[in-house]
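Hello,

Here is the structure I promised to send over. My notes on it follow below, so please have a look at both.

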Amino acid sequence: MDVIVILLLLLFGYLFLNQFKKKVSENNYTNLGYLFIYHFFFGIYYCFFVKGDAIGYWGSSKKLTYEEFVHFFKNDKGTYFVRALNYFPAKVLDLSYFSGTMIYTLIGFVGLTYFYLIAIELIPKNSKVNGYYLFPLLFFLPNLHFWSCAVGKDSLLFLCIALFSYGLLTPIKRINFIVIGLVLSYFIRPHITLFMLLGFGFAYFSGNKLSFFQRVVFFGSFIGIAFLILPLVLKFSKIEEASLDAFQEFSTTKVSLLSRSHTGSAINISNSPIIVKVFSFLFRPFVFDINSFPSLLAATENSILLFLTIKWFSKKSLESFRNAPFLLQGMIYFLLLGTFAFSQSLGNLGIMIRMRNMFLPGLIIFFLWHFSYIQNEKLVAEEEQ
């Protein structure tokens, strides 16, 4: 059965990519093929060399009874819901952990493809920074692939955010993408759904290139749904009320739980200033945290992201943001909400990187937009002289 499933996954991946063959340039289609191979390499590596929560997700699903599956699927969110999702392939089909990892690797790649398509549609020019074209180079950053191929919530959420974002490009035609992204993310991590609704809802409100109808309908819908699910999100997060004191207490508790020595890469952030917590979430492990080859790769990647962030701040940062498509503005608002929330509650570098991976595609695409915008403004200025 495992061999059949692997062959079917490869066939599905080929057919999935093939549908875009006539919709994108030959060069972009080739790049997607390279990304497919590159992404599956990370999936294989993760399966055999990373001993993390993914093994537990798959193994625990193999032990579920049918009654537990029904209960988890109907009544639970988060970890138990994901275990229920794995029930059919893990328990009924009795697939190996390797097959499960390949299923999730394909799920992550589908999400990555939709992010790539967003970049194609929204970025007018492929700009160079220090002599290097940023696109598609930034889509090969290791952590973008590493955390979107593992069995568990991260790969599924990566797909949810991609579907939701891609659907918003043409919301009427792709309403099914939006609904699937929101509903599935709600059952995996409800607070991420809340951040998506608030971030993109505010982008609809502030976007200067949208019709009045779009602003009213989508801003009202997203904010309305956000308020409806807020009590459920607070219940899921075990916060009794939406107050600053309650959030602070929750943050302190999470820091103590996630900073224990058994987590392996813990850092004590409980007494650090907010700016240090934010920097840790966005750019650590950094050069001073290197203690292994994986941390070296992560630190190199984070140095690139920090360099691009400094470059963004150094030239027309607010202007490029104001003129960015509303979808990119929404991705940045989503990033800011997630950064503030998670930087206050996470004390483990590995967990930080995993959580940040949900917001990384939006940051990457925005960087592509910013440097494209700067290049275009430069060309316009030269033509006017």
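Where helix 9 meets helix 17, Ile161, Ser165, Leu168 and Leu169 from the former touch Phe326, Leu327, Met331 and Phe334 from the latter, contact meaning heavy atoms within 4.5 Å. By class, this contact has 7 nonpolar, 1 polar and no charged residues (Ala, Val, Leu, Ile, Met, Phe, Trp, Tyr, Cys and Pro count as nonpolar, Asp, Glu, Lys and Arg as charged, the others, Gly among them, as polar).

A word on the source: this is a predicted model, with pLDDT of at least 70 needed for local features and 80 or more for side-chain atom pairs, while totals for chains, interfaces and linings use all residues. Residues are numbered from 1 along each chain as its sequence is written, and side-chain values use heavy atoms, leaving out hydrogens and water. Helices are DSSP runs (H or I, at least four residues), numbered from the N terminus.

Helix 9 (residues 153-169) and helix 17 (residues 326-343) pack at about 150 degrees, their axes 10 Å apart; axes are lines fitted to C-alpha atoms over the stretch in contact, and angles run from 0 to 180 degrees between N-to-C directions. That makes helix 9 roughly antiparallel to helix 17 (over 145 degrees).

Helix 15 (residues 293-314) has 22 residues. Its buried residues (under 20% relative accessible area, 1.4 Å probe, protein chains only) include Ser295, Glu301 and Trp312. Just after helix 15, lysine 316 takes a positive phi of about 50 degrees.

Finally, tyrosine 29 sits in helix 2 (residues 26-49).

Best wishes

Definitions and conventions. Helix = DSSP H or I, 4+ residues; strand = E, 2+ residues; numbered from the N terminus. Expected span 1.5 Å × (residues − 1). Buried < 20%, exposed > 50% of the residue type's maximum accessible area, 1.4 Å probe, protein only. Parallel < 35°, antiparallel > 145°, perpendicular 65-115°, else oblique.
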